[in-house]
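Visitor: I am new to this structure. Can you show me how to read it, one feature at a time?

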Amino acid sequence: MSLPERPLPVLYRNGSVYSPADPFATAMLVDGGTVAWVGTEHAAANLTGPGVRTVDLDGALIAPGFVDAHTHTTETGIALGSIDLTGCRSLRDLLDAVSAAAASGASTILGFGWDESGWPEKRVPTAGELDRAGNGALVYLVRADIHSAAVSGALAAGLGLAATDGWDDGFVVRDAHEAARRATRSLSPDQRRTYQQAALLHAASRGYVALTEMAAPHIAPREDLEILLSIDGPAAGGVPLPEIIPYWAQRTSSRDEVRELMLGFGGRLAGLAGDLNVDGSIGSRTAALREPYSDAPGNRGSLYLDVDAVAAHLLAATAETVQAGFHVIGDAGLDVVLQGLERTARELGVEEVRRARHRLEHVELADDDAIAALVHYGVAVSGQPAFDALWGAEDGLYAQRLGERRAGMNRFASLLSAGVLVALGSDSPVTALDPWASVGACLRHSNASETVSARAAFIAHTRAGWRLAGRSPMMGQLAPGTPASFAVWKVDELMVQTPDNRVQSWSTDPRAGTPLLPALDTENAPECLETVHDGHRLFAAEGFAGA
């Protein structure tokens, strides 16, 4: 029996390589799943020959592949095949989009991404309006933050939503929203697999080598994550896809529960963390705040978990040295988590808490004391820069909901400078799988004091994602001996970019000794030409020289 023929080593040359081993590298040799060498064009000439496949980069950039620290794969696939409502600029735009879908004969209409905060009407559609626009169809339109939705009266009647907590004439939050989401996510295994594969292929085309899946019982049944983890990869002869880093956000209160869950899913869980919701979102006014919403006096949001529940989960996970964590956005929600960490540290010791490497999702509203506490307990943060880009402007959603408090949102620079491990993601489909847009959003933060350099943001969106999940420190960088996990990018210009307006914000001077990244203030965004993970090609653009 003959062994499979080993693929030829691949020499990429005539470009740029983002490598800590050589900031001036223009070429890279990949042998199987490993980076074998990085160096200059002159040295690369000595590596060519019949036993090596050569790829002319034609000036393109090779950089470590992106890791998204917070995604929902099935929801992303559904969103890709549903009505895109992110471009709606008024209530009329949304209703017209529903009418157009109804005219095509659809009996169920799904839509994603609307945000009424920028509409002239400043209100959500009613159930009756959606009934008329949908011509009797079952309509479920998820708000941009995915913590609420607008539904038609026809769908509400079938589910009895009017008698459920969180119902407001077609606008649904809390229990009403969960009921509507479950009803519209009753999918067969084949449907789930199709949506997941579509999302993963889309991610590969955007330069992602891994997605951190934030699965939870209230989002989708356990079967959803099991199917996602069973999708064939190259080892089984299937289509290579981005790696899944799986989390399962199920509450626990005992070490036995923690052990049982961690042994499930084939022993592949990274932790019992993610969207275990302590509170909701700013847009839906369900994030838990210390002071009321500026545009809803008396409303301080919702707490879904109290200190006892948070502490019980942390105690059980910490005792097993398992990474736990929560979705938390508001400052009052963060207070609850910090109290839970304090209780856990008193009982088990602060070193045990740090050893478990707990993580929190979003952490949008954190003051200096809260950040100091995160450092003390060794807690990492998964952040979403696109939130600020979408909603952080002076007249944006955060200003409407929070007033002057918006300046304290998404404090990436403060977190990083304090020593908090920050990994970046999209929360897709809340925001698009667009990694360079996330890096750019860090450079253009609405609060100038919270901007960070392109290099820091890039590391937070690559190497930090692996580190947050406890993976090898060799992941997320390109140097001899590291995994061959990277993307190739067509770029207009390369430079060193800083967020400090007091000095020149960019430099192309190689004497800086810093690897160069794409200029993110040009007309053309970086274009992904190829994505490779562990030596397996996940994506190649049509016409790319290496295809």
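Guide: Let us begin with strands. This is a predicted model. Look for strand E1 and strand E5 (residues 53-56), which pair in the parallel sense over four bridges.

Visitor: Which residue stands opposite Asp56 in E5?

Guide: Arg13 does. Now turn to strand E3 (residues 27-31). E3 runs antiparallel to E1, and three bridges join them.

Visitor: Which way do the residues of E1 (residues 10-13) point?

Guide: Val10 and Tyr12 point one way, Leu11 and Arg13 the other way. All four are buried.

Visitor: Next, helices. How do I read the length of helix H7 (residues 189-205)?

Guide: Count 1.5 Å a residue. For the 17 residues of H7 that rule gives a span of 24 Å. The end C-alpha atoms are 24 Å apart, so the two values agree.

Visitor: And which residues of H7 are buried?

Guide: Start with the general idea. An α-helix has 3.6 residues a turn, so residues three or four places apart point the same way. Now the case here. Arg192, Gln196, Ala199, Leu200, Ala203 and Ala204 are buried in H7. These residues cover an arc of only 140° around the axis, so they lie on the same side of H7. Asp190 and Thr194 are on the other side of H7, and they are exposed.

Visitor: Let us turn to the backbone. Which residues other than glycine have a positive phi?

Guide: Take two cases. Asn135 has a phi near 55°. Val363 has a phi of about 45°.

Visitor: Where do Asn135 and Val363 lie?

Guide: Asn135 is in the loop between helix H4 (127-134) and strand E10 (138-143). Val363 is in the loop between strand E17 (359-362) and helix H13 (368-377).

Visitor: Are they buried or exposed?

Guide: Compare each relative accessible area with the cut-offs: under 20% is buried, over 50% is exposed. Asn135 has 67%, so Asn135 is exposed. Val363 has 4%, so Val363 counts as buried.

Visitor: Which peptide bond is cis?

Guide: Look at omega. The bond from Ser428 to Pro429 is cis, with omega near 10°. Pro429 is found in the loop between strand E19 (422-424) and H17.

Visitor: Which element gives the most to the lining of the largest pocket?

Guide: H14 does, with four residues. Then sort the lining by class. The largest pocket has 19 nonpolar, twelve polar and six charged residues in its lining.

Visitor: How does the second largest pocket read?

Guide: Its volume is about 450 Å³. The lining has 24 residues, with His147, Glu178, Arg181, His218 and Asn277 closest to the centre. Helix H6 (residues 174-184) gives the largest share of that lining, five residues.

Visitor: And what is the lining of the second largest pocket by class?

Guide: Eight residues are nonpolar, six are polar and ten are charged.

Notes: Residues numbered from 1 in each chain as written. Predicted model: local features only at pLDDT ≥ 70, side-chain atom pairs only at ≥ 80, totals over all residues. Heavy atoms only, no water. Helix = DSSP H or I, 4+ residues; strand = E, 2+ residues; numbered from the N terminus. Nonpolar A, V, L, I, M, F, W, Y, C, P; charged D, E, K, R; others polar. 1 Å grid on protein atoms, 1.4 Å probe; cavity = no way out; pocket = protein on both sides within 12 Å on 5 of 7 lines; lining within 4 Å. Points joined across faces, edges and corners; volume = space filled by probe spheres on them. Buried < 20%, exposed > 50% of the residue type's maximum accessible area, 1.4 Å probe, protein only. Pairing = 2+ DSSP bridges. Expected span 1.5 Å × (residues − 1). Arc of directions from axis to C-beta.
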